[in-house]
Amino acid sequence: MNDSTGCEHVFGEILASLGELTDVTVRKITEDESFSTRSRLPPDVLRDIVRANIEALLRRETGGPDIGDETARRAGRIKAEHGIPLPELLHAFRLGGLEIWEWAIARATTGEQADALLRRSSHFWGELDRFSTAATEAYRLVADDREQQERISRRVTLLGVFEGASDARFGSAAGVQRALGLPERASYRVVAGEVGRNGEDPLPGITARLASMGVASVWTTELGERLGLAAPTGDAQSIAALGAVRRAATARVGVSRPFTSLAAAPEAVRQARVALECVAPAGAGVHCYGTAPIDTLVAAHAESAAELGANVLGPLLSGEDGDAVLLDTLDAWFAANGSTAEAARRLHCHRNTVLYRIARITELTGRSPTRPVDAAELYVALRARRIAGEGR
(Lines give C-alpha, C1' and ligand atoms only; values in the text may rest on other atoms or scores of the structure.)
Protein backbone atom coordinates (compact mmCIF):
# COMPACT_ATOMS: atom_id res chain seq x y z
CA MET A 1 0.00 0.00 0.00
CA ASN A 2 1.54 3.34 -1.03
CA ASP A 3 1.39 6.50 1.08
CA SER A 4 -1.42 8.04 -0.92
CA THR A 5 -3.66 4.96 -0.70
CA GLY A 6 -3.04 4.52 3.03
CA CYS A 7 -3.84 8.12 3.87
CA GLU A 8 -6.86 8.24 1.59
CA HIS A 9 -8.25 5.20 3.41
CA VAL A 10 -7.78 6.86 6.84
CA PHE A 11 -9.27 10.19 5.77
CA GLY A 12 -12.07 8.36 3.96
CA GLU A 13 -13.12 6.72 7.23
CA ILE A 14 -13.17 10.13 8.90
CA LEU A 15 -15.24 11.58 6.04
CA ALA A 16 -17.82 8.87 6.65
CA SER A 17 -18.21 10.24 10.19
CA LEU A 18 -18.39 13.88 9.07
CA GLY A 19 -21.41 14.74 11.20
CA GLU A 20 -19.88 13.37 14.39
CA LEU A 21 -16.53 15.09 13.73
CA THR A 22 -18.33 18.36 13.06
CA ASP A 23 -20.22 18.15 16.36
CA VAL A 24 -17.05 17.42 18.31
CA THR A 25 -15.16 20.29 16.65
CA VAL A 26 -18.00 22.77 17.17
CA ARG A 27 -18.21 21.78 20.83
CA LYS A 28 -14.49 22.37 21.35
CA ILE A 29 -14.68 25.73 19.59
CA THR A 30 -17.64 26.90 21.66
CA GLU A 31 -16.07 25.64 24.89
CA ASP A 32 -13.06 27.83 24.26
CA GLU A 33 -13.14 30.78 26.71
CA SER A 34 -12.45 33.48 24.13
CA PHE A 35 -15.25 32.23 21.89
CA SER A 36 -17.84 32.01 24.65
CA THR A 37 -17.19 35.55 25.87
CA ARG A 38 -17.02 37.37 22.55
CA SER A 39 -18.73 35.42 19.79
CA ARG A 40 -21.99 36.61 18.27
CA LEU A 41 -22.16 33.86 15.64
CA PRO A 42 -25.43 31.86 15.61
CA PRO A 43 -24.81 28.16 16.47
CA ASP A 44 -26.35 26.85 13.24
CA VAL A 45 -24.16 29.17 11.16
CA LEU A 46 -21.04 28.09 13.04
CA ARG A 47 -21.85 24.40 12.53
CA ASP A 48 -22.50 24.95 8.84
CA ILE A 49 -19.14 26.61 8.12
CA VAL A 50 -17.21 24.14 10.31
CA ARG A 51 -18.79 21.18 8.49
CA ALA A 52 -18.16 22.72 5.06
CA ASN A 53 -14.46 23.35 5.75
CA ILE A 54 -13.84 19.94 7.34
CA GLU A 55 -15.49 18.26 4.38
CA ALA A 56 -13.50 20.32 1.86
CA LEU A 57 -10.22 19.53 3.59
CA LEU A 58 -11.00 15.82 3.91
CA ARG A 59 -12.01 15.54 0.26
CA ARG A 60 -8.65 16.98 -0.73
CA GLU A 61 -6.91 14.42 1.44
CA THR A 62 -8.94 11.56 -0.06
CA GLY A 63 -8.02 12.52 -3.61
CA GLY A 64 -11.32 14.22 -4.41
CA PRO A 65 -11.65 17.21 -6.74
CA ASP A 66 -10.09 20.47 -5.63
CA ILE A 67 -13.05 22.78 -5.06
CA GLY A 68 -10.82 25.74 -4.28
CA ASP A 69 -10.84 27.93 -1.20
CA GLU A 70 -14.45 29.11 -1.32
CA THR A 71 -15.49 27.36 1.89
CA ALA A 72 -12.62 29.02 3.77
CA ARG A 73 -13.34 32.40 2.18
CA ARG A 74 -17.00 32.07 3.11
CA ALA A 75 -16.00 31.38 6.72
CA GLY A 76 -13.80 34.49 6.71
CA ARG A 77 -16.57 36.66 5.29
CA ILE A 78 -19.22 35.39 7.71
CA LYS A 79 -17.05 35.87 10.78
CA ALA A 80 -16.05 39.37 9.68
CA GLU A 81 -19.69 40.27 9.06
CA HIS A 82 -20.57 39.10 12.59
CA GLY A 83 -17.70 41.02 14.16
CA ILE A 84 -15.75 37.94 15.26
CA PRO A 85 -12.09 38.88 15.92
CA LEU A 86 -9.60 37.57 13.34
CA PRO A 87 -7.52 35.64 15.95
CA GLU A 88 -10.69 33.75 16.89
CA LEU A 89 -11.26 32.80 13.24
CA LEU A 90 -7.71 31.43 12.94
CA HIS A 91 -7.98 29.67 16.29
CA ALA A 92 -11.09 27.84 15.07
CA PHE A 93 -9.20 26.62 11.99
CA ARG A 94 -6.36 25.36 14.19
CA LEU A 95 -8.79 23.53 16.48
CA GLY A 96 -10.47 21.95 13.46
CA GLY A 97 -7.14 20.85 12.01
CA LEU A 98 -5.99 19.36 15.30
CA GLU A 99 -9.25 17.44 15.70
CA ILE A 100 -9.00 15.99 12.17
CA TRP A 101 -5.39 14.99 12.78
CA GLU A 102 -6.19 13.32 16.12
CA TRP A 103 -8.96 11.34 14.43
CA ALA A 104 -6.56 10.35 11.66
CA ILE A 105 -3.92 9.11 14.12
CA ALA A 106 -6.55 7.12 16.01
CA ARG A 107 -7.67 5.41 12.79
CA ALA A 108 -4.20 4.57 11.48
CA THR A 109 -4.48 0.94 12.63
CA THR A 110 -1.43 -0.45 10.87
CA GLY A 111 2.20 0.56 11.00
CA GLU A 112 2.16 1.30 7.28
CA GLN A 113 -0.79 3.67 7.70
CA ALA A 114 0.88 5.42 10.64
CA ASP A 115 4.11 5.88 8.66
CA ALA A 116 2.20 7.11 5.61
CA LEU A 117 0.26 9.56 7.76
CA LEU A 118 3.46 10.90 9.26
CA ARG A 119 4.94 11.49 5.82
CA ARG A 120 1.66 13.12 4.78
CA SER A 121 1.64 15.56 7.73
CA SER A 122 3.44 18.43 5.97
CA HIS A 123 0.93 18.27 3.11
CA PHE A 124 -2.04 18.23 5.50
CA TRP A 125 -0.85 21.20 7.57
CA GLY A 126 0.09 23.02 4.39
CA GLU A 127 -3.46 22.62 3.13
CA LEU A 128 -4.82 23.83 6.45
CA ASP A 129 -2.55 26.86 6.21
CA ARG A 130 -3.88 27.49 2.72
CA PHE A 131 -7.43 27.43 4.09
CA SER A 132 -6.48 29.81 6.92
CA THR A 133 -4.82 32.22 4.50
CA ALA A 134 -7.85 32.26 2.20
CA ALA A 135 -10.16 32.86 5.18
CA THR A 136 -7.92 35.69 6.42
CA GLU A 137 -7.89 37.40 3.02
CA ALA A 138 -11.68 37.28 2.77
CA TYR A 139 -12.04 38.43 6.36
CA ARG A 140 -9.82 41.47 5.79
CA LEU A 141 -11.66 42.48 2.64
CA VAL A 142 -14.95 42.57 4.54
CA ALA A 143 -13.36 44.23 7.59
CA ASP A 144 -11.66 46.90 5.48
CA ASP A 145 -14.89 47.63 3.65
CA ARG A 146 -16.79 47.85 6.95
CA GLU A 147 -14.15 50.14 8.42
CA GLN A 148 -14.39 52.41 5.38
CA GLN A 149 -18.18 52.51 5.69
CA GLU A 150 -17.89 53.31 9.39
CA ARG A 151 -15.44 56.14 8.65
CA ILE A 152 -17.85 57.58 6.10
CA SER A 153 -20.76 57.23 8.54
CA ARG A 154 -18.80 58.97 11.33
CA ARG A 155 -17.83 61.77 8.96
CA VAL A 156 -21.43 62.32 7.88
CA THR A 157 -22.57 62.25 11.51
CA LEU A 158 -19.87 64.70 12.58
CA LEU A 159 -20.75 67.10 9.78
CA GLY A 160 -24.36 66.83 10.89
CA VAL A 161 -23.32 67.81 14.42
CA PHE A 162 -21.39 70.80 13.10
CA GLU A 163 -24.37 71.86 10.99
CA GLY A 164 -26.91 71.25 13.77
CA ALA A 165 -28.75 68.51 11.87
CA SER A 166 -27.59 65.29 13.56
CA ASP A 167 -30.48 64.67 15.99
CA ALA A 168 -32.90 64.23 13.08
CA ARG A 169 -30.95 61.15 12.01
CA PHE A 170 -30.27 59.56 15.40
CA GLY A 171 -33.26 60.84 17.36
CA SER A 172 -31.28 62.08 20.37
CA ALA A 173 -27.97 63.50 21.48
CA ALA A 174 -27.20 60.16 23.14
CA GLY A 175 -27.57 58.42 19.78
CA VAL A 176 -25.14 60.86 18.21
CA GLN A 177 -22.65 60.36 21.04
CA ARG A 178 -22.79 56.58 20.61
CA ALA A 179 -22.34 56.88 16.84
CA LEU A 180 -19.25 59.04 17.31
CA GLY A 181 -17.84 57.12 20.27
CA LEU A 182 -18.10 60.13 22.60
CA PRO A 183 -18.83 60.09 26.34
CA GLU A 184 -22.30 60.97 27.60
CA ARG A 185 -21.04 63.99 29.53
CA ALA A 186 -18.13 66.11 28.39
CA SER A 187 -16.84 69.64 28.12
CA TYR A 188 -16.65 69.71 24.33
CA ARG A 189 -14.45 71.96 22.23
CA VAL A 190 -14.38 72.40 18.47
CA VAL A 191 -10.90 72.67 16.99
CA ALA A 192 -10.25 74.16 13.52
CA GLY A 193 -6.87 73.84 11.82
CA GLU A 194 -5.67 75.28 8.53
CA VAL A 195 -4.54 72.55 6.12
CA GLY A 196 -1.31 73.36 4.26
CA ARG A 197 -1.14 74.10 0.56
CA ASN A 198 0.12 70.58 -0.11
CA GLY A 199 -2.42 68.99 2.20
CA GLU A 200 -0.25 68.97 5.32
CA ASP A 201 -2.13 68.10 8.48
CA PRO A 202 -2.10 71.11 10.86
CA LEU A 203 -2.40 68.75 13.84
CA PRO A 204 -0.47 65.57 12.99
CA GLY A 205 -1.13 62.69 15.35
CA ILE A 206 -3.66 64.64 17.40
CA THR A 207 -6.18 61.77 17.66
CA ALA A 208 -3.58 59.46 19.18
CA ARG A 209 -2.24 62.22 21.45
CA LEU A 210 -5.69 62.87 22.87
CA ALA A 211 -6.55 59.18 23.13
CA SER A 212 -3.37 58.56 25.15
CA MET A 213 -4.75 60.87 27.84
CA GLY A 214 -8.23 59.36 27.70
CA VAL A 215 -9.82 62.12 25.62
CA ALA A 216 -12.18 60.97 22.86
CA SER A 217 -12.22 63.00 19.64
CA VAL A 218 -13.51 62.78 16.06
CA TRP A 219 -12.10 64.62 13.06
CA THR A 220 -12.80 65.42 9.43
CA THR A 221 -11.04 67.40 6.73
CA GLU A 222 -13.14 69.58 4.46
CA LEU A 223 -12.03 72.18 1.88
CA GLY A 224 -8.64 72.98 3.36
CA GLU A 225 -9.84 72.83 6.94
CA ARG A 226 -9.28 70.20 9.63
CA LEU A 227 -12.25 70.21 12.00
CA GLY A 228 -12.42 68.21 15.19
CA LEU A 229 -14.67 67.68 18.16
CA ALA A 230 -12.75 66.91 21.35
CA ALA A 231 -14.59 65.60 24.43
CA PRO A 232 -12.56 65.93 27.66
CA THR A 233 -14.54 64.87 30.73
CA GLY A 234 -13.08 67.06 33.44
CA ASP A 235 -10.97 70.12 34.16
CA ALA A 236 -7.73 68.15 34.20
CA GLN A 237 -8.50 66.53 30.86
CA SER A 238 -9.54 69.89 29.39
CA ILE A 239 -6.21 71.46 30.33
CA ALA A 240 -4.29 68.43 29.07
CA ALA A 241 -6.23 68.39 25.78
CA LEU A 242 -5.46 72.06 25.10
CA GLY A 243 -1.82 71.35 25.84
CA ALA A 244 -1.83 68.47 23.37
CA VAL A 245 -3.37 70.68 20.68
CA ARG A 246 -0.71 73.36 21.26
CA ARG A 247 2.11 70.84 21.05
CA ALA A 248 0.74 69.24 17.89
CA ALA A 249 -0.03 72.45 15.97
CA THR A 250 2.12 73.07 12.89
CA ALA A 251 -0.16 75.74 11.37
CA ARG A 252 -2.92 78.15 12.40
CA VAL A 253 -5.36 76.52 14.81
CA GLY A 254 -8.45 77.92 16.53
CA VAL A 255 -10.28 76.48 19.53
CA SER A 256 -13.85 77.26 20.60
CA ARG A 257 -15.11 77.94 24.08
CA PRO A 258 -16.11 74.78 25.98
CA PHE A 259 -19.74 73.64 25.72
CA THR A 260 -21.75 70.77 27.17
CA SER A 261 -24.55 70.26 24.63
CA LEU A 262 -23.96 69.11 21.07
CA ALA A 263 -26.70 71.53 20.03
CA ALA A 264 -24.11 74.29 20.58
CA ALA A 265 -21.66 72.76 18.08
CA PRO A 266 -22.54 75.02 15.10
CA GLU A 267 -21.78 78.15 17.16
CA ALA A 268 -18.59 76.49 18.42
CA VAL A 269 -17.49 75.88 14.82
CA ARG A 270 -17.92 79.60 14.13
CA GLN A 271 -15.90 80.43 17.24
CA ALA A 272 -13.08 78.05 16.27
CA ARG A 273 -12.89 79.55 12.78
CA VAL A 274 -12.77 83.10 14.15
CA ALA A 275 -10.11 82.06 16.66
CA LEU A 276 -8.03 80.58 13.83
CA GLU A 277 -8.11 83.96 12.06
CA CYS A 278 -6.62 85.55 15.18
CA VAL A 279 -3.34 83.82 14.29
CA ALA A 280 -1.42 85.75 11.64
CA PRO A 281 -1.37 84.18 8.15
CA ALA A 282 1.60 81.94 7.41
CA GLY A 283 2.06 81.61 11.16
CA ALA A 284 1.71 78.62 13.44
CA GLY A 285 -0.06 78.72 16.76
CA VAL A 286 -3.22 78.07 18.71
CA HIS A 287 -5.74 80.74 19.71
CA CYS A 288 -8.69 80.10 22.02
CA TYR A 289 -11.84 82.05 21.28
CA GLY A 290 -12.53 84.82 23.78
CA THR A 291 -9.04 85.03 25.31
CA ALA A 292 -8.30 88.26 23.40
CA PRO A 293 -11.63 90.05 22.80
CA ILE A 294 -10.26 92.76 20.53
CA ASP A 295 -8.47 90.23 18.35
CA THR A 296 -11.69 88.22 18.20
CA LEU A 297 -13.66 91.30 17.17
CA VAL A 298 -11.10 92.16 14.49
CA ALA A 299 -11.01 88.61 13.11
CA ALA A 300 -14.81 88.32 13.09
CA HIS A 301 -15.15 91.57 11.10
CA ALA A 302 -12.03 91.39 8.98
CA GLU A 303 -13.24 93.70 6.21
CA SER A 304 -14.28 96.52 8.56
CA ALA A 305 -11.10 96.03 10.60
CA ALA A 306 -8.96 96.29 7.48
CA GLU A 307 -10.73 99.50 6.49
CA LEU A 308 -10.17 100.92 9.97
CA GLY A 309 -6.51 99.97 9.83
CA ALA A 310 -6.01 101.64 6.49
CA ASN A 311 -7.80 104.82 7.56
CA VAL A 312 -6.06 105.18 10.92
CA LEU A 313 -2.56 103.98 10.06
CA GLY A 314 -2.51 105.00 6.39
CA PRO A 315 -0.42 108.14 7.01
CA LEU A 316 2.24 106.06 8.80
CA LEU A 317 2.50 103.60 5.96
CA SER A 318 3.37 106.31 3.43
CA GLY A 319 5.45 108.49 5.72
CA GLU A 320 9.16 109.16 5.30
CA ASP A 321 9.92 107.72 8.72
CA GLY A 322 9.16 104.16 7.53
CA ASP A 323 6.17 102.14 8.60
CA ALA A 324 8.12 99.39 10.38
CA VAL A 325 9.86 101.72 12.85
CA LEU A 326 6.77 103.70 13.81
CA LEU A 327 4.49 100.65 13.96
CA ASP A 328 6.97 98.75 16.09
CA THR A 329 7.25 101.73 18.41
CA LEU A 330 3.47 101.92 18.72
CA ASP A 331 3.34 98.17 19.39
CA ALA A 332 6.02 98.46 22.09
CA TRP A 333 4.25 101.48 23.64
CA PHE A 334 1.02 99.53 24.08
CA ALA A 335 2.87 96.44 25.33
CA ALA A 336 4.64 98.63 27.92
CA ASN A 337 1.33 100.12 29.11
CA GLY A 338 2.40 103.59 27.99
CA SER A 339 5.76 103.54 29.79
CA THR A 340 8.37 105.39 27.72
CA ALA A 341 11.25 103.82 29.62
CA GLU A 342 9.91 100.27 29.21
CA ALA A 343 9.16 100.83 25.52
CA ALA A 344 12.72 102.11 25.03
CA ARG A 345 14.08 99.00 26.75
CA ARG A 346 12.03 96.76 24.49
CA LEU A 347 13.16 98.65 21.37
CA HIS A 348 16.81 98.94 22.50
CA CYS A 349 16.86 102.70 22.05
CA HIS A 350 16.86 105.90 24.16
CA ARG A 351 13.60 107.03 25.77
CA ASN A 352 13.88 110.35 23.93
CA THR A 353 13.78 108.40 20.68
CA VAL A 354 10.53 106.82 21.77
CA LEU A 355 9.10 110.21 22.68
CA TYR A 356 10.07 111.57 19.28
CA ARG A 357 8.43 108.66 17.47
CA ILE A 358 5.23 108.91 19.52
CA ALA A 359 5.06 112.59 18.68
CA ARG A 360 5.60 111.74 15.01
CA ILE A 361 2.77 109.15 15.13
CA THR A 362 0.47 111.77 16.66
CA GLU A 363 1.44 114.28 13.99
CA LEU A 364 0.88 111.89 11.05
CA THR A 365 -2.33 110.23 12.26
CA GLY A 366 -3.89 113.06 14.19
CA ARG A 367 -4.31 110.65 17.09
CA SER A 368 -2.33 110.59 20.32
CA PRO A 369 -1.64 107.28 22.07
CA THR A 370 -2.00 109.07 25.38
CA ARG A 371 -5.66 109.98 24.78
CA PRO A 372 -8.02 107.02 25.52
CA VAL A 373 -10.25 107.37 22.45
CA ASP A 374 -7.31 107.89 20.11
CA ALA A 375 -5.42 105.04 21.77
CA ALA A 376 -8.36 102.70 21.23
CA GLU A 377 -8.48 103.49 17.51
CA LEU A 378 -4.72 103.15 17.13
CA TYR A 379 -4.63 99.83 19.04
CA VAL A 380 -7.49 98.24 17.10
CA ALA A 381 -5.99 99.41 13.79
CA LEU A 382 -2.61 98.01 14.80
CA ARG A 383 -4.12 94.64 15.80
CA ALA A 384 -6.04 94.50 12.51
CA ARG A 385 -2.78 94.95 10.62
CA ARG A 386 -0.91 92.34 12.68
CA ILE A 387 -3.70 89.75 12.45
CA ALA A 388 -3.92 90.30 8.68
CA GLY A 389 -0.22 89.44 8.51
CA GLU A 390 0.88 92.89 7.41
CA GLY A 391 4.12 93.74 9.07
CA ARG A 392 5.77 91.90 11.91
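Guide: Here are some labels, each set against its rule.

Guide: This is a predicted model, where local features need pLDDT of at least 70, side-chain atom pairs count only at pLDDT 80 or more, and totals for chains, interfaces and linings use all residues. Residues are numbered from 1 along each chain as its sequence is written, and side-chain values use heavy atoms, without hydrogens and water.

Visitor: What makes Arg-383 and Asp-295 a salt bridge?
Guide: The rule asks for a side-chain nitrogen of Lys or Arg within 4 Å of a carboxyl oxygen of Asp or Glu. Here the closest N and O atoms are 2.9 Å apart. So the pair qualifies.

Visitor: Why is Asp-295 called buried?
Guide: Buried means under 20% relative accessible area, exposed over 50%, partly exposed in between (1.4 Å probe, protein chains only). Asp-295 has 10%, so Asp-295 counts as buried. Arg-383 is buried too, at 18%.

Visitor: Why is Glu-137 called partly exposed?
Guide: Glu-137 has a relative accessible area of 40%, so the label is partly exposed. Arg-73, at 25%, is also partly exposed.

Visitor: How do you know that Arg-73 forms a salt bridge with Glu-137?
Guide: Their closest N and O atoms lie 3.0 Å apart. Arg-73 is in helix α5 (residues 70-81) and Glu-137 in helix α7 (residues 111-163), 64 residues apart. Helices here are DSSP runs (H or I, at least four residues), numbered from the N terminus.

Visitor: How many salt bridges are there by this rule?
Guide: The count comes to 25.

Methods. Helix = DSSP H or I, 4+ residues; strand = E, 2+ residues; numbered from the N terminus.
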